[in-house]
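Hi,

Here is the structure I promised to pass on.

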Amino acid sequence: METTQQILSRFAQDRAQLIAILQEIQTQKNYLSQEDMTTVAEYLDISVSAVYSVATFYENFSLEPKGKHIIKVCDGTACHVRKSQPIFDALHDYLGLTGKRKTSEDGMFTLETVACLGACGLAPAMTIDGEVHPKMNPDLAIAELDKIREKEAAK
Amino acid sequence: MSKLTRESFRVLTEDAKQALAASGKIPSVLICAGTGCIAGGSMKIYENLKKECEARGLPVYVGLKHDNEEEKSLHIKMSGCHGFCEMGPLVHIEPMGIMYIHVKPEDCHEILEKTVLTGEIIERLVYTRDGVAYPRQQDIPFYKKQHRVVLANCGTSDAEDVQEYIAKGGYGAFEKALFEMTDEEICKEITDSGLRGRGGGGFPAGRKWDGARRQNAEQKYIVCNGDEGDPGAFMDRSIMEGNPHSVIEGMMIAGVATGATEGYIYVRAEYPLAVDRLRTAIAKAEELGLLGEDIMGSGFSFHLHINRGAGAFVCGEGSALTASIEGKRGMPRVKPPRTIEHGLWAMPTVLNNVETFANVPGIITNGAAWYRSIGTEKSPGTKTFALTGNVVNTGLVEVPMGTTLREVIFDIGGGIPDGKKFKAVQIGGPSGGCLTEEHLDMPMDFDSLKRAGAIIGSGGLVVMDEDTCMAEVARFFMHFTQNESCGKCTPCREGTKRMLEILERIVKNEGTLEDLDMLESLSDTITDTALCGLGQTACKPVMSTLRHFREDYLHHVVDHHCPICNGRKRRLEIQPDLCKGCGKCAKNCPMEAISGQIRGVFHIDNEKCIHCGACWGACPFGAIDAIEEE
């Protein structure tokens, strides 16, 4: 993993690069820490609040660490009418999530919804770490998580 | 490599054409590498097929054929989306024109041995409908009624092979625009063609270009809107993945027409494959000298950049999109001034959608009259639709403008699965409306749809069957819009929140008739006063479902029971012969709906009963029955 400074050195000192920089940090560290946002602000010579305002505006940025594996259940229209909500509910229960908590106790999974993956032909769809899993149902979805758990346990 | 000139480009095109013609003589296998088929395992099919060929000692080529290749060889191509996503992974075999569906990696051996080498058809992989088998792609009803212009190369070409694009006439339109046409002539050609923006608004593209052309500025920009955020739409994704060069070429022509030298493609973060394919395509165009400084010695320079979105639906709105490229919060601004005068970095900017740009090369090559020969008078050309939801053949469909919904949903889409009845189709996503049975024979074009209270939008068609409650659908869309509201203007930020609360109440059977009036009044206010197009259209799903499916709302607010959401209505009754009059049911009833004398017979007042089942659980004698009503 690169340090924040190493990441920054690959980008021009131009405000227009802000989103791209934050995306890179998000990808590598899976969240944006306060220190990172301050460093980015200094690098681009803009206020920390300007960085914060962008970081909080876009759905893809997270200000808290996410789980090791990120599950996104598609809740686009096509998936919705082909019953994606029960899949989300089943995973939500399975991971023991309550209230606003999106990450499982063991830090293994973060459960999110996504507004349309554009894989509507495969509805209902979900992604695990960016890989699309087509034509899901609650049982299949839980089985996918179990597979990951097994792999992680074997490590 | 020496610098590309007009002459060397022509030589390059001729070479590519010959290579393509030579490749046509040997069999080739096209494996769909759209997002859908990849998720179904098409990469594995590709790898397996390569291995099978190696095992057999059959030379495999991935690019176009060159002179020194042996006669007995095979081409394997990863193509763009074939569009028939429901049946994926798809494998297409040329020159026979065979299409196999639901292919598995273990089928590769048989496909190679039988079909590729001896021309035998493997029946179990062939698409069948109503007992008829359709081994050839062009005969399949899903494809037969389509007219593919924009998608012509999707599914037949290797998306990453620039040579193949050039062999099929690619970048020829750019060359023509660059050397044979003035900027004014290009704008006129596009205006004459009647091309209208495919992103939703339907604004004439030629007028937009000409407006930007007339601006006096040191710098102008071309921006491609690939932030396809409408849930249920994936046309632009498929074009970017399957035919990225057509989008690039369209943008370059716009550059020549307006004098812009910089272009930006803004792609949704959810489309990683589209970003990869565009990056590859740009790199290859740069390598050839089609992008860069002083292109083909003409003095015209053009550079392209890719911006990845970060998950904000509102960025599909023009001024929000340019703000996002500038590295800011993607919030729309008040217009005028319009984007053509005051766009990216306050400079004149042409902002068009992916599909609009992809239409441009064909118009320049074949002329405006050709384009006008397709579609309707006011809406020429074709439109791609993403057909999804409760329909047999989900997938990507391109038809001439003016095709009816019935043709798209029933002839191409194969109708509604499981023998259910068609109820509605949502067109244009959260900014659009729903159309019903009565609209099935209406021609789909910009103006007819507008009259029906819907919009063509970017082209998402979500089909819904009789088991869909439209009040719940309206709630779903309002939830989406509310979630995605950028928060800048009050009508959208607060208004959609209130509307969502009302809709949630209604869906929970706790709404009233006054709530429906309130929804209508709020809709009017938001539509009239919201800042940007997304806010102004946020209420369309509510308004159109209220208009066409008021009964669905009435079930929720008058009967407090929706036969679709809540199932058949049930009534709880106490069996007098089993009731011992212990009174436990009455004690446990939260609604005080049960009355009776101890040691007598108890009775449930169904007006007060909320069917919670507490009495059923409390009764020690099993005296309570749930009776389904007709």
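Start with A78(A): leaving out residues up to four places away in sequence, A78(A) touches C120(A), A123(A), G232(B), T388(B), G389(B) and V462(B). Contact here means that the C-beta atoms of two residues, placed from the backbone, lie within 7 Å.

Before you go further, this is a predicted model: local features need pLDDT of at least 70, side-chain atom pairs count only at pLDDT 80 or more, and totals for chains, interfaces and linings use all residues. Residues are numbered from 1 along each chain as its sequence is written, with chains lettered from A and ligands numbered from 1 in the order in which they are written.

A78(A) sits in helix α5 (residues 77-81) of chain A; helices (H or I, at least four residues) and strands (E, at least two) are DSSP runs, numbered from the N terminus. A78(A) counts as buried because it has 34 C-beta neighbours inside 10 Å, where the cut-off for buried is 20 or more other C-beta atoms within 10 Å, again placed from the backbone. Its C-alpha is 9.3 Å from that of G118(A), 40 residues away along the chain.

As for the contact between the chains, 41 residues come from chain B and 32 from chain A. On the chain B side, α2 (35-39), α13 (318-325), β12 (382-389), β16 (460-465) and α18 (470-484) each give two or more residues.

Chain B itself has 25 helices and 20 strands. Of its 630 residues, 52% count as buried, and its C-alpha trace spans about 105 × 65 × 40 Å along the principal axes.

Cheers

Key. Buried ≥ 20, exposed ≤ 12 C-beta atoms within 10 Å, placed from the backbone.
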